[in-house]
Amino acid sequence: MALSKKMVYSIIAIIVTVVVIIATVAWLIITYNGLVRENEKVDSQWAQVQNVYQRKIDLIPNLVSTVSAYQQFEASTLTNITLLRTQWMNANTTEDQVNVTNQLDSQLATIIVTYENYPDLQSITAVRDLIIELEGTENRITTERMRYNEYVQDFNAHMKSFPASFVAGWGDFEEREYYESPNAPPAP
Amino acid sequence: MKHILSPTLAIIVLVLSQGSAIADYPNLEYYVTDQVDVLTSSEEYEIEGICVDVYELTGAEVAVLIVNSTLPDGIDLFAVETFERNGLGQEGKDDGLLLLVSVEENAWRIEVGYGLEGILPDAKVGNIAATNLEPYLAVGDYYTGIYETTYALGVEIVDNYDGTPQESESPYPIPWIPLKTWQLALVIGAIFGLAVLTKGRIFLLWMLFSRNWGGGGKSWGGGRSGGGGAKGRW
């Protein structure tokens with residue numbers, strides 16, 4: 001039985017439609033999963049940022065008890081730091097934590113400046129070790145925060161780009177927020 | 001056919017080399033990378049010997065990088081980015097370590113991979129550098145400072161890190177080409193033969209490969225660091 005020309009065309013049309021539908025569905029699934037994965041990466045990186053902050057908070061009692069033996073460090077700074085540590089631990093929301101952290105950072109910065117201004121402090125091993133640990137913690141925070149922002153950028157760019165933005169709309173994805181450092185230089 | 005081939009090849013070369021041209025941070029070709037030439041090649045070889053030992057005993061990848069300047073990034077960011085781009089340490093274990101010396105800034109930084117943070121806490125790294133690195137750098141003796149520091153860090157890793165011993169890539173005549181002598185001879189023969197047959201056009205292809213192999217002296221494991229370690233000035 002020979003197929004009529006019309007039938008051949010309709011079969012081709014059906015095949016093409018099916019292929020297009022399958023390709024679209026596959027694309028939707030891949031895009032959706034990609035967005036989910038990137039969103040998860042942002043979350044897990046935020047946990048990593050929290051992690052290194054916790055490390056800094058844990059360092060504070062030791063820092064305060066060690067450096068309070070030296071009069072070069074201002075007593076008021078040390079009191080503030082202890083106070084802010086308690087506030088941080090009692091903070092319930094991320095926003096509160098970030099606020100306290102920013103104040104804490106500026107207080108800790110004065111500790112490091114004091115240390116750098118007094119060479120005789122630098123010869124005391126206990127103080128030096130603590131300052132190295134503190135600097136290391138600061139640097140870890142900077143690093144993890146930078147990666148967090150990179151992941152946020154990846155996700156946001158993907159989410160807003162056409163045509164993935166449709167999937168993001170249907171999938172209820174929300175734009176993620178960058179974590180700006182208060183000490184960061186202004187954008188160019 | 002022949003007249004189509006050449007332009008096509010040229011386009012392929014262009015496209016591929018574009019892709020690999022994102023190199024703002026140094027490619028670490030082997031354990032010691034000295035961009036300032038403060039070390040002689042035999043001195044580099046001595047330091048590399050320590051790194052090879054550490055790698056063979058524990059699998060940890062220790063690299064040394066000497067640059068003129070880390071600006072505008074600053075030494076902290078420069079170290080983290082160079083570490084990550086090159087992927088020091090095995091992937092997942094993150095057992096890499098980078099000793100970075102910036103000559104113009106009089107600054108050093110030792111960047112410790114996540115996996116080595118436990119055995120090399122910041123204070124310990126700082127003290128190792130204060131004893132072994134800074135005094136020598138202060139008098140311009142880069143070799144002794146870097147050698148002693150690499151050695152001290154290497155001993156810490158070998159003594160305390162429970163890694164997986166690895167086979168070093170160096171048994172080959174050319175360390176960054178994983179071929180035994182007779183295989184190498186075969187390849188060189190083949191390249192020579194092709195060069196004669198294609199009247200030299202094969203070197204276009206060679207350009208393409210050397211682009212991609214340029215950074216592949218040692219194939220690093222793909223590890224990362226999280227900003228741990230210590231830094232200082234002299």
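How do helix 1 and helix 5 of chain A run relative to each other, roughly parallel or roughly antiparallel? Some notes on that and a few other spots.

1. Ground rules: this is a predicted model, where local features need pLDDT of at least 70, side-chain atom pairs count only at pLDDT 80 or more, and totals for chains, interfaces and linings use all residues. Residues are numbered from 1 along each chain as its sequence is written, with chains lettered from A and ligands numbered from 1 in the order in which they are written.

2. Back to the helices (DSSP runs of H or I, at least four residues, numbered from the N terminus). The axes of helix 1 (residues 5-67) and helix 5 (residues 125-160) of chain A come within 9 Å and cross at roughly 165 degrees. Helix 1 and helix 5 of chain A are therefore roughly antiparallel, a label for angles over 145 degrees, taken from 0 to 180 degrees between N-to-C directions of lines fitted to C-alpha atoms over the stretch in contact. The residues of their contact divide into 19 nonpolar, eight polar and ten charged. Here Ala, Val, Leu, Ile, Met, Phe, Trp, Tyr, Cys and Pro count as nonpolar, Asp, Glu, Lys and Arg as charged, and the others, Gly among them, as polar.

3. Between the chains, nine residues of chain A are in contact with ten of chain B (C-beta atoms, placed from the backbone, within 7 Å). The chain A side splits into one nonpolar, four polar and four charged residues.

4. Two cis peptide bonds to look at: Phe162(A) to Pro163(A), with omega near 5 degrees, and Leu71(B) to Pro72(B), with omega near 5 degrees. Pro163(A) sits in the loop between helix 5 and helix 6 (164-170) of chain A, and Pro72(B) in the loop between strand 2 and helix 3 (75-86) of chain B.

5. Asp37(B) has a positive phi of about 60 degrees and is exposed, with 8 other C-beta atoms within 10 Å. Asp94(B) has phi near 50 degrees but counts as buried, with 23 C-beta neighbours inside 10 Å. The cut-offs within 10 Å are 20 or more other C-beta atoms for buried and 12 or fewer for exposed, with partly exposed in between.

Definitions and conventions: Contact = placed C-beta atoms within 7 Å. Helix = DSSP H or I, 4+ residues; strand = E, 2+ residues; numbered from the N terminus. Parallel < 35°, antiparallel > 145°, perpendicular 65-115°, else oblique.
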